[in-house]
Each structure stands twice: as C-alpha cells, then as structure tokens.
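Here is a short briefing on one protein chain. It starts with a single side chain and then widens to the sheet and the overall fold.

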Amino acid sequence: GGNTTTIANVTQAQAMASGGYTVVTSLPGAGTYKVLATYAGDANFGASTQSSNITVTAAPLKTTSIGIVAPTTATPGTAFNVVIAFNVLGAFTTQPTGNIVLTATQVGGAPATIATVTPAQGMAPGGANVSVTLPNAGAYTLNTNYAGDTLYAASTNTATVTVNGRSEEHTSELQSRQYLVC
C-alpha cells in the first residue's frame, strides 16, 4: 500500500539516448520507496516494467546539551537565580523548536514545573536567567529537560539545591501564635 505519484514522463528518444535519461526528484522523508518504470509498448516493441527500491535514511539528530547553574543552598521562600544554557554541537542553520522545562523535585515528592524557556533563550549570551523560589526546607533536584525535535536530540541536566531553615508554612505558623511568658 501507499500513494503512487508520477515523477516524470520520459519519451522513447530520451530513454534510448546514450547514457539513458536521469530523473531528479526529492522524496518526502525517511523510508523505503519503490520506483517503477513502465513502457506501454508500441507496434514494434512490447510493454515492459522495471522496478527498484530506494531507501532514504534520516539524517542523524544534532547533539544538544543543557548547562544548569544553581546555588547549592537556599533559604525557604527566598528567590535565587538559576542559569540555563543550551548548546547545539556543531554548526546549524535551523533554530531548535520546543521548550526547555525546569522542574523542582523535593526528596520524596513529585516534580513541579518551575519555568519553561526556549532553546533560543538558553543560547543567548549568558544563558536564560530564571528566578526560583522553593517554599520548604529540604533537598531538591532541579531538572532541565529538552524533549528534542525532528532535527535536534533530547538532552537533560540536573542540579541539587538544599533549602536550609524553616519552611514558609512552619514560619507562618510560629508567627501567628501568641506566647504568654510568666
């Protein structure tokens, strides 16, 4: 099965010329294509058909990498800066598409999306600056993830941040209590 498309009509004179006739075409993507040449015949020559398979291999994806720079420690509820740098190995002409997603996961918890930046933002001089605030004390893993696209490979990187001190929730609870000292 598949679609059949006529890519050229070659005259008998063109086909019989010295060296034959070259047909140039472009194929829509990776895969195996069947090329079929047919001659309907005439009063002097009988009909004939010749086929051949052509396999088109996809170009390998360009390698990408993500750098993440974050402090090793932070204070609950206090913003800190994270720098996300995105790189493509080698020369390229088409900008990578999609987003780089930054998540924070506290030990024993589920990942929470903190920010998304484009590859172009990550490739800017100095990278993309993201303000991050983690509300609770504990160890966190910051994960950057680029899912890739049709030309560029996926990449990921992590950083660990330990949030020291009391969490915002606990501090608020202490501030709302009144104490009687005797």
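In this predicted model, D149 is buried but forms no salt bridge. K62, the nearest side chain of opposite charge, is 11 Å away; a salt bridge would need a side-chain nitrogen within 4 Å of a carboxyl oxygen.

**Around D149**
- D149 sits in the loop between β9 and β10, the latter covering 155-163.
- Its side chain makes a polar contact of 3.4 Å with the side chain of Y146.
- The D149 side chain also reaches the backbone nitrogen of Y152, at 2.8 Å.
- Beyond neighbours within four places in sequence, D149 is in contact with L61, P96 and T97.

**The sheet**
- Five strands make up an open sheet with mixed pairing, ordered β4-β10-β9-β6-β7.
- Strands β6 (residues 100-106) and β9 (residues 138-146) run antiparallel and are joined by seven bridges.
- T105 has T141 in β9 as its bridge partner.

**The whole chain**
- The protein chain holds three helices and 10 strands.
- From the N terminus on, the order is α-β-β-β-β-β-β-β-α-β-β-β-α.
- The radius of gyration is 31 Å, well over the 16 Å that the globule rule gives for 182 residues, so the chain is more spread out than a compact globule.
- The C-alpha trace spans about 120 × 35 × 20 Å along its principal axes.
- Of the 182 residues, 20% are buried.
- Among contacts between residues at least 6 apart in sequence, 57% join residues at least 24 apart.

Methods. Residues are numbered from 1 along each chain as its sequence is written. This is a predicted model: local features need pLDDT of at least 70, side-chain atom pairs count only at pLDDT 80 or more; totals for chains, interfaces and linings use all residues. Side-chain values use heavy atoms; hydrogens and water are left out. Two strands pair if DSSP finds at least two bridges between them. Helices (H or I, at least four residues) and strands (E, at least two) are DSSP runs, numbered from the N terminus. Buried means under 20% relative accessible area, exposed over 50%, partly exposed in between (1.4 Å probe, protein chains only). Lys and Arg count as positive and Asp and Glu as negative; His and the chain ends are not counted. A polar contact is a pair of N or O atoms within 3.5 Å; within protein, one must be able to donate a hydrogen and the other to accept it, and residues adjacent in sequence count only if both atoms are side-chain atoms. Contact means heavy atoms within 4.5 Å. The radius of gyration is taken over C-alpha atoms; the globule rule is 2.2 Å times the number of residues to the power 0.38.
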